[in-house]
Amino acid sequence: MAKAKSFTCTSCGASFSKWSGRCEGCGAWNTIAQEVPLSSGPGSKSLGAARGAQIELSDLSSKETPPPRTCSGLDELDRVLGGGLVASSAVLVGGDPGIGKSTLLLQGAAKFARAGLKTIYISGEEASAQVRMRAQRLGLSDAPVKLAAATNLRDILTTLDAEHPNLVIIDSIQTIWADNVESAPGSVSQVRAAAHELTSFAKRRGLSVVLVGHVTKDGQIAGPRVVEHMVDTVLYFEGERGHQFRILRAVKNRFGPADEIGVFEMTGAGLAEVTNPSALFLSERGQPSAGSVVFAGIEGTRPVLVELQALVAPSPHSQPRRTVVGWDGGRLAMILAVLEARCGIPFTGLDVYLNVAGGMKISEPAADLAVAAALLSAREDAALPADTVVFGEISLSGALRPAPQTENRLKEAKKLGFTAAIAPAGGKTGTEAGLELTQATDLTGFVGEVFGAG
């Protein structure tokens, strides 16, 4: 009995039993292709070395040392990796086109090569001369990095087997194709097969591999989600085109904390590290104005201070606008509903705009109180003191919940010259001298304390 055919969208990875012109999952046109099973390729073209039948078992109580880490010297990159690059690891790096992924990895490759790792940079999108020209612009011409331009997976594995490198960078995984898979490069089958072979090769040979992945229009890494499960670490390189800041964020990390960030600044000579991101995000903050509030947040293990900007204006439309940049739009709707239901402050007939300055993206609920303060400040046209930071989570009942790592947030605010903080009661504040702390138990008390109403 013939096996049923399977069709997969090359954009989002959705599976279908028959072909159609438009994907029902993501709405893209002409992206559905037939998926060929990996076992359908010629048996004589198996990639990599033959697998043995024996399985070695080791005792968890043995004295074997863990895989070593290698620090590149780029502190922000090492921080996101969890303290350095782990041997025999696979790292997937995604980001928008032109955001600086190739620049970051070329600088990282040069750093790791100078630290003693035998490094090979393989580009499937550019010629070796183009990569060398970028290296000259970045001042990396003397770095002991070997360059190659190839897309055939068999040729790449054969070269790596002969060279025995410590670090391999593949730019990008969507351009690599395996000749035992009968589908076009960039398809779901090809991306899955290439990622699997490269990851397995890295684990067997004890080398580290870094894969560059394209992202879709909604910001997710293109291809099947199984690729993110294959690798040890998934990093996203984020940033706004209009800002010079770039943020490297760890979404998954088996060797360190997730949600850790590294901050870089795009300059004419490449990416420069930002050792104090809070000062950088607040550098363009001028005189205190209505709707501007400084939020003390936590990204991974480091405290980061960012500015939240809100604008509230009468709406000429029957349906007021709710526009958010850098935060969750659904959570903004919840904050507006709590302000109206618990505090009696309506936003009906008002357009609401919320922006996180500097191109930063915030996901933690501890920003609720800072968002509420920015909205009320913009609505009442009353500016908060410029030396005050705000943080805390708001529940649907209007109660304020303490944020984790309250003490670290206050220390970061004190270090940057802030003299006052507003936070929920009950958090572990420590003894931060010179910082006036105002604690509130519910949103109504906060509104009455800060804005004199409620």
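This is a predicted model: local features need pLDDT of at least 70, side-chain atom pairs count only at pLDDT 80 or more; totals for chains, interfaces and linings use all residues.

Modeller: Happy to! A salt bridge here is a side-chain nitrogen of Lys or Arg within 4 Å of a carboxyl oxygen of Asp or Glu. By that rule, Glu393 and Arg401 form one, with an N to O distance of 3.4 Å. Glu393 is buried, as its relative accessible area is 19% and the cut-off for buried is under 20%. Arg401 is partly exposed at 43%.

In one of them, the side chains of Arg302 and Glu76 meet at 2.8 Å, N to O. That pair joins distant parts of the chain, with Arg302 in strand S16 (residues 302-314) and Glu76 in helix H1 (residues 75-80), 226 residues apart. Both Arg302 and Glu76 are buried. In another, Arg254 meets Asp232 at 2.7 Å, N to O. Here the partners are 22 residues apart, and each sits in a loop: Arg254 between strands S12 and S13, Asp232 between helix H6 and strand S11. Arg254 is partly exposed, with 47% relative accessible area, whereas Asp232 counts as buried at 3%.

Now to the helix you asked about, H2. Its 14 residues reach 20 Å from first C-alpha to last, close to the 20 Å expected at 1.5 Å a residue. Of those 14 residues, 12 are buried, so H2 is largely enclosed by the rest of the structure. Among the buried ones are Lys101, Ser102, Thr103, Gln107 and Phe112. For the chain as a whole, 49% of the 454 residues count as buried. Just after H2, Gly116 takes a positive phi of about 115 degrees.

Leaving aside neighbours within four places in sequence, Leu105 is in contact with Val93, Tyr121, Ile169, Val210 and Val212. Asp171 is 66 residues from Leu105 in sequence, yet their C-alpha atoms are 9.1 Å apart in space. Across the protein chain, residues 24 or more positions apart supply 66% of the contacts with a separation of 6 or more.

UniProt, in an unreviewed entry, places a "binding site" at Gly95, Asp96, Pro97, Gly98, Ile99, Gly100, Lys101 and Ser102. Gly95 belongs to strand S6 (residues 90-95), while Asp96 is in the loop between S6 and H2. Gly95 counts as buried at 5% relative accessibility, but Asp96 counts as partly exposed at 36%. Setting aside residues up to four places away in sequence, Gly95 contacts Lys101, Gly213, Val215 and Phe237. With that exclusion, Asp96 touches Lys101, Val215 and Phe237. If you display Lys101 in your viewer, you will find a residue of the UniProt site that is also among the buried residues of H2.

Key: Residues are numbered from 1 along each chain as its sequence is written. Side-chain values use heavy atoms; hydrogens and water are left out. Contact means heavy atoms within 4.5 Å. Buried means under 20% relative accessible area, exposed over 50%, partly exposed in between (1.4 Å probe, protein chains only). Helices (H or I, at least four residues) and strands (E, at least two) are DSSP runs, numbered from the N terminus. The expected span of a helix is 1.5 Å times one less than its number of residues. UniProt positions are given in the numbering used here, feature names are shortened, and annotations may be inferred rather than shown by experiment.
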